[in-house]
Amino acid sequence: MPRRDYDDEDDEQEEEEEEVYEEEDLEEEEEEDYDDGGKSGRKRRRSDFIDDAAEEDDDEDEDDDDDYGGGGRRRPKRRTGSEFFDLEAAVDSDEDEEEEDIEDDFIVDSGADIPDEDGARREYRHRLLPHEDQEEDLEELTRSIKQRYARSAHVEYDEEATDVEQQALLPSVRDPKLWMVKCAIGREREVAVCLMQKAIDRGPELQIRSVVALDHLKNYIYIEADKEAHVREACKGMRNIYASAKIMLVPIKEMTDVLSVESKAVDLARDTWVRMKMGTYKGDLAKVMDVDNVRQKVVVKLIPRIDLQALANKLEGREAPKKKAFIPPPRFMNIDEAREMNLRVERRRDPMSGDYFENIGGMMFKDGFLYKTVSMKSISTLNIQPTFDELEKFRQTGEGGDGDMASLSTLFANRKKGHFMKGDRVIVVKGDLRNLKGHVEKVEEDTVHIRPNQKDLPLTLAFSDKELCKYFDLGNHVKVVSGSSEGATGMVVSVQGHVVNLVSDTTKELLRVFADNVVESSEVTSGLTRIGEYELHDLVILDNKSFGVIIRVDSEAFQVLKGVPDRPEVALVRLREIKAKVEKKGNAQDRFKNHLAVKDVVKVVEGPCQGKQGPVEHIFRGVVFIYDRHHLEHAGFICAKTQSCVLVGGSRANGDRNGNPLSSRFAHMRAPPRAPQSPMRSSRGGPPMNCGLGRGGEDAVLGGLG
Amino acid sequence: MGSQTAAQIPTSFGHELRACLRCRLVKTYDQFRESGCENCPFFKMDEDHERVVDCTTPNFTGLISVMDPTRSWAARWLRIARYVPGCYTLAVSEALPEDLQNLCEDEHIPYAPPKRI
């Protein structure tokens, strides 16, 4: 019986399949018409295994398949599989076994078969069809099903992705490699599609497996192929790939990174702050007013940058000399001004929101703002930090009537709520009693009672919190408790309405903050000293070539003094650009072969930092970082070659290459001493001030020679 | 090269390009309307033009042309090794609408919504 063949001779089966695999390639190469060749190849291949009954079935299936192309190939298997199961059920009259359950079982059972997969995947096309018309024992049937379907069933359920399975799909050495090829800029997708067309035309002759064009990587594409020669062959004749283009192999560990996409789901909501990416308003802050997901458009509110004169000229048909690249400054639209220019101002009602807009030259204005409809692609939604000035500008017209403004951004939210506490110094900013200063006595829901500084007035006066503002005298020491500069402390240098200017204690720069965000405090912060795991003065590795010491920590980035000895090089790096911190204490030798370790005091004797002296903070790759408190730059850090330094207090007489204590003793006696000898020095010149860290060996020697 | 018929390849690269939300095949709107999706014939995009808008999206990242899905590691990693050769995208931005997801379930067709990081 044919089926027995499968059961018993599984190995032979695979061999046969492989033979046929080769056969198929030959066949296909002969075929001119790619599509037909595939199908007929399949027919021929299958006939080797399958008896006539199944083959007939095959033909039927293939006819049906014509409509569906390759995708339908899965169907015949299913269909025939289910037919098979029905039969089995008939034999068994076991109604519990549903098609899906059985297939699920296969998944569990095929766990052990995973090593076979790689080969099996290649051969799954050669999937064998079951024989439906034989009656067999149930066990034999299930066994044959499992053997036959285990591999392919597992592959079938590939789609149900779990993270564990993703691990199993990591590239192996048997997989084709990824090659990075340079192409014409902006044409990456075009090249990918052209290569696809070429593959369809040339068929199996083109031996590349896939081509990847990433959106964010310009100028390059990735081609997946077994050999570099295949890549070259495929790229021959491609206009957009330079003939001389370098083909670079992607290391196997980086292959998955090529295909990973950072998909951040940015949900645009109303009242989100965004920035424009293109056009006259590029870089400007805007607020989202309406989102249309269907058409991928949003309506944003902007401060108009309109040149009324130019607009008037344009609308009246007057030829105006167009100043190239002239971007008008942002200014609120004044309707009356526009009317004066004889610009037609139409009052239109927006059907969606029911608001009235003024339409000038096709642009919609309201309250001085421009409401513009733009595509989602032209706005930037991530990490939008509205600056202080921009927010202020947006506030201007909104303050009076627009009650919504208060609840919108967090920055605003804090501001409108009274931050007043008992004892706060305040000043009246609205009303008849403007500029009256006082102290807060009591705070209620909406009213604040203050005790004015003027003696003639009643003891307490009540004001609404909108009429008051916190006040600071020049010279007060304050701390910022909310907002973008949170945590900073400093001294007040000027006050302008709601805004306080202060000089930061740490960075010595001028900060502008809202008075509501500030409280009087004598606390002096030492400033930010760490972001993440990296602290000030840590030695960090940036990438394979460079490393350096962190000399300053800003809110978002670090200033790093690089390990370049001859000239001081400072780089501004972000947290993610830092690869690792160097923990281990390096060792090195100075100019005279004295052993250097961290905390030793050294002096620089050559190079641009000659004459500087200080304790060693870090040693790495032949370079030392010294902290000299008299050095005014780079937080006092100096980078120098170990060869250019001399250990302060170290011996100069140890010219011996090996650093061998015994021979150095002789050397010491032979060579004329260039430096005053200290009685302790009898071996390798361990500095007397060394606290003996890790010098156990030497001390023993010392003791020995003692 | 595989013995499958390749899917149509996109005829242009502009805004008309759309990706099927299930199999991530990339073609133009017109191509989907004319011939549907080769991997997802059950969507019947060629019959119901509204379906094209529901089942495809213009928001996608990256393009990969798969010549030989069965032997391509990249196709395997992206789980498109079972589909016909053609141009696919690495990731789509949206998930299939609920009613279509149910349709997939009914037809026992595996569907995995896009991963969100």
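This is a predicted model: local features need pLDDT of at least 70, side-chain atom pairs count only at pLDDT 80 or more; totals for chains, interfaces and linings use all residues.
## Nonpolar cores

Let's start on the inside. The largest nonpolar core has 77 residues, and the members that touch the most others are A:L195, A:I221 and B:F43. Helix α10 of chain A, spanning residues 188–202, gives the most to this core, with six residues. As a general point, nonpolar side chains in soluble globular proteins tend to be buried together.

## Positive phi angles

Most residues other than glycine have a negative phi. Here are two residues to look at with that in mind. A:N219 is not a glycine, yet its phi is positive, near 80°. You will find A:N219 in the loop that runs between strands β2 (208–213) and β3 (220–225) of chain A.

The other residue is B:R79, with a positive phi near 65°. B:R79 sits in the loop between α3 (73–77) and β5 (86–92) of chain B. With a relative accessible area of 10%, B:R79 falls under the 20% cut-off and therefore counts as buried.

## Salt bridges

Over all chains, the structure holds 18 salt bridges. One of particular interest pairs A:D226 with A:R209, at 3.2 Å from N to O. This pair links distant parts of the chain: A:D226 lies in the loop between β3 and α11 (228–235), whereas A:R209 belongs to strand β2, and the two are 17 residues apart. A:D226 is partly exposed, at 28% relative accessible area, while A:R209 is buried, at 5%. Salt bridges with shared partners also bring in chain B, joining A:R209, A:D226 and B:D68 into one network.

Two further pairs lie within chain A. A:R202 bridges to A:E205, with the closest N and O atoms 3.6 Å apart, and A:R202 is partly exposed at 41% relative accessibility. A:E583 and A:K581 also meet through their side chains, at 3.9 Å from N to O. Of these two partners, A:E583 is exposed at 59% relative accessibility, and A:K581 is partly exposed at 28%.

How values were computed:
Residues are numbered from 1 along each chain as its sequence is written. Chains are lettered from A and ligands numbered from 1 in the order in which they are written. Side-chain values use heavy atoms; hydrogens and water are left out. A nonpolar core is a set of buried Ala, Val, Leu, Ile, Met, Phe, Trp, Tyr and Cys residues joined through side-chain atoms within 4.5 Å. Buried means under 20% relative accessible area, exposed over 50%, partly exposed in between (1.4 Å probe, protein chains only). Helices (H or I, at least four residues) and strands (E, at least two) are DSSP runs, numbered from the N terminus. A salt bridge is a side-chain nitrogen of Lys or Arg within 4 Å of a carboxyl oxygen of Asp or Glu.
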